[in-house]
Amino acid sequence: MKLTGGQVVVQTLIQEGVPYLAGIPGHGTLGLSDALLGQDRLKYLQVRHEQAAVHLADGYYRVTGVPLAVSTSIGPGAMNTAIGVASCYVDGIPVLVLTGNSHTHMAGRGILQEIERKHDANSLAVFEPIAKRIWRPTSADRLPRTLQRAFAEMLTGRRGPVVVDLPMDVQCD
């Protein structure tokens with residue numbers, strides 16, 4: 001049975017021992033939200049602001065030594081995590097930030113709160129100086145390797161936050 005991209009993400013988080021995914025569900029992460037249904041091993045913690053999700057992940061890691069994942073919707077939702085991600089970067093706190101984005105074939109059309117004034121689907125530019133590494137897989141087939149690399153980068157050497165951008169079609173294919 002072929003898994004959707006969202007199911008690949010959820011399965012990987014479970015395999016990596018991530019107990020919680022914190023965030024605010026939104027239109028940019030519907031595929032990921034759907035993948036959470038019907039399973040009980042990865043709990044979803046809904047926060048009131050995306051920045052709070054990263055700070056929650058930061059505090060959880062400091063207390064338990066277990067990294068968490070954070071999910072955000074498109075554009076401003078992802079941008080709301082920047083302060084928390086920068087704090088984690090400076091302090092060497094691993095957190096996996098999963099940002100939603102517009103469909104790969106819709107990039108550059110300014111839909112669904114896409115940040116696209118200088119480059120298509122350009123929200124990742126905000127994270128370049130404050131994350132150890134960023135990825136934007138263009139198909140669900142690339143997710144297993146991307147997530148494997150993300151966990152390795154996040155947890156080796158000086159630990160820190162990583163960002164994986166999840167276009168809506170990648171989550172649902």
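Gln51, Val54, His55, Asp58 and Arg62 in α3 meet Ile83, Gly84, Val85, Ser87, Cys88 and Asp91 in α5. Contact here means heavy atoms within 4.5 Å. By class, this contact has four nonpolar, four polar and three charged residues. The classes work like this: Ala, Val, Leu, Ile, Met, Phe, Trp, Tyr, Cys and Pro are nonpolar, Asp, Glu, Lys and Arg are charged, and the others, Gly among them, are polar.

A word on the source. This is a predicted model, where local features need pLDDT of at least 70, side-chain atom pairs count only at pLDDT 80 or more, and totals for chains, interfaces and linings use all residues. Residues are numbered from 1 along each chain as its sequence is written, and side-chain values use heavy atoms, with hydrogens and water left out.

Back to the pair. Helix α3 covers residues 50-64 and helix α5 covers residues 82-91. Their axes, lines fitted to C-alpha atoms over the stretch in contact, come within 7 Å and cross at roughly 25 degrees. Angles between N-to-C directions run from 0 to 180 degrees. Under 35 degrees counts as roughly parallel, over 145 as roughly antiparallel, 65 to 115 as roughly perpendicular, and the rest as oblique. So α3 and α5 are roughly parallel to each other.

Next, valine 10. It sits in helix α1. Helices are DSSP runs of H or I with at least four residues, strands are runs of E with at least two, and both are numbered from the N terminus. Is valine 10 buried or exposed? Buried, with a relative accessible area of 4%. The cut-offs: buried is under 20%, exposed is over 50%, partly exposed is in between, with a 1.4 Å probe and protein chains only. Beyond four places in sequence, valine 10 touches Leu32, Ala35, Leu36, Gln39 and Leu42.

Take leucine 42 from that list. Leucine 42 lies in the loop between α2 and β2. At 3% relative accessibility, leucine 42 is buried too. Leucine 42 and valine 10 are 32 residues apart in sequence, yet 7.4 Å apart in space, C-alpha to C-alpha.

Last stop, α7. Which residues of α7 are buried? Leu143, Thr146, Leu147, Ala150, Phe151 and Met154. Down the axis of α7, they fall within an arc of 130 degrees, so they line one face. That arc uses directions from the helix axis to the C-beta atoms. An α-helix has 3.6 residues a turn, so residues three or four places apart point the same way. What covers the buried residues of α7 includes α1, β4, β5, β6 and α8.
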